[in-house]
Amino acid sequence: MTKGKLYVISGPSGAGKGTICKKVLEEDDNIRFSVSMTTREPREGEEDAVDYFFVTKEEFERLLAEGGLLEHNLYVDNYYGTPRKQVVQWLEEGHDVILEIDYHGAFQVRDAYPEAVLVFILPPSVEELRARIMGRGSETEETMNKRLDEAMNDLAQADKYDYRVVNENLEAAVEEVQQIMKIERSKEA
Ligand code: ADP
Ligand code: 5GP
């Protein structure tokens with residue numbers, strides 16, 4: 001059986017990763033989305049086991065110590081990580097898998113799976129990024145500023161990725177990601 005492909009989608013908070021991934025997943029039922037684990041509080045409308053597995057710091061640290069995370073990072077005072085078991089199972093079953101994670105995690109994944117495809121989502125401008133994070137309405141001024149600081153660090157990593165996609169027009173960005181997946185699949189054929 002052909003093993004699935006592993007895609008990593010990164011980009012600064014507010015770039016539109018979640019929105020793009022949702023559309024890509026809706027249109028291809030062979031692709032699976034890895035639900036990350038986090039110690040941050042759920043945002044309004046976010047569901048446990050759908051958007052994230054929301055856990056305590058103790059629960060996160062226990063899984064980490066057991067080797068149950070494929071990668072992890074501490075971001076704006078909270079842990080984020082990818083549970084290993086589900087990803088490995090899906091890849092073995094032949095599903096493509098998307099990880100929506102930051103660059104710290106992305107490079108850990110590249111070390112473990114050199115064949116993983118790393119895609120970076122860029123906002124059209126920093127002003128637009130700020131407007132999108134504000135529009136989401138879930139941040140205080142303090143976490144907003146921390147997220148913008150992190151965004152600058154994130155953007156500096158874009159050239160280390162296999163592909164970069166600017167999310168100005170949503171439909172065009174979704175199509176570009178789908179095109180990347182098509183190119184990668186055709187390399188296997
Ligand atoms: P991320 O997952 O990268 O943090 P989101 O997918 O949550 O980003 O998007 C941040 C905000 O920007 C959301 O309110 C989303 O609806 C909006 N958004 C996403 N893509 C676009 C786009 N191309 N044009 C305008 N707004 C967008
Ligand atoms: P948010 O709080 O906006 O959902 O996510 C904050 C940051 O954490 C984003 O850059 C997001 O990509 C990243 N992130 C989400 N899940 C994971 C994960 O499992 N691992 C890592 N390393 N980063 C993650």
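**Entry 1: ligand 2**

I began at Glu100, where a backbone N or O atom lies 3.4 Å from a nitrogen atom of ligand 2. I count a polar contact as a pair of N or O atoms within 3.5 Å. I then looked up Tyr52, and an N or O atom in its side chain is 2.5 Å from an oxygen atom of ligand 2. The side chain of Arg43 also has an N or O atom 2.9 Å from an oxygen atom of ligand 2.

Which residues come nearest to ligand 2? I found 17 residues around ligand 2, and Ser36, Arg40, Tyr52, Tyr80 and Arg147 come nearest. A residue is near a molecule if one of its heavy atoms lies within 4 Å of it.

**Entry 2: ground rules**

I am reading a predicted model, in which local features need pLDDT of at least 70 and side-chain atom pairs count only at pLDDT 80 or more, while totals for chains, interfaces and linings use all residues. Residues are numbered from 1 along each chain as its sequence is written, chains are lettered from A and ligands numbered from 1 in the order in which they are written, and side-chain values use heavy atoms, with hydrogens and water left out.

**Entry 3: ligand 1**

I counted 14 residues around ligand 1, of which Gly14, Lys17, Thr19, Arg136 and Asn167 come nearest. For Lys17, I noted a polar side-chain atom 2.8 Å from an oxygen atom of ligand 1. Gly16 has a polar backbone atom 2.9 Å from an oxygen atom of ligand 1. Asn167 has a side-chain N or O atom 2.9 Å from a nitrogen atom of ligand 1.

**Entry 4: α5 and α6**

Next I turned to helices, taken as DSSP runs (H or I, at least four residues) numbered from the N terminus. Helix α5 (residues 126–136) packs on helix α6 (residues 141–155) at about 140 degrees, with the axes 11 Å apart. Axes are lines fitted to C-alpha atoms over the stretch in contact, and angles run from 0 to 180 degrees between N-to-C directions. So α5 is oblique to α6, since angles under 35 degrees count as roughly parallel, over 145 as roughly antiparallel, 65 to 115 as roughly perpendicular and the rest as oblique.

I also listed the contact (heavy atoms within 4.5 Å): among its residues are Arg136 of α5 and Arg147 of α6.

**Entry 5: α1 and α7**

Last, I checked helix α1 (residues 17–26) against helix α7 (residues 170–188): their axes come within 10 Å and cross at roughly 60 degrees. That angle makes α1 oblique to α7. Thr19 of α1 takes part in the contact, as does Leu170 of α7.

Technical notes
Helices (H or I, at least four residues) and strands (E, at least two) are DSSP runs, numbered from the N terminus. A polar contact is a pair of N or O atoms within 3.5 Å; within protein, one must be able to donate a hydrogen and the other to accept it, and residues adjacent in sequence count only if both atoms are side-chain atoms.
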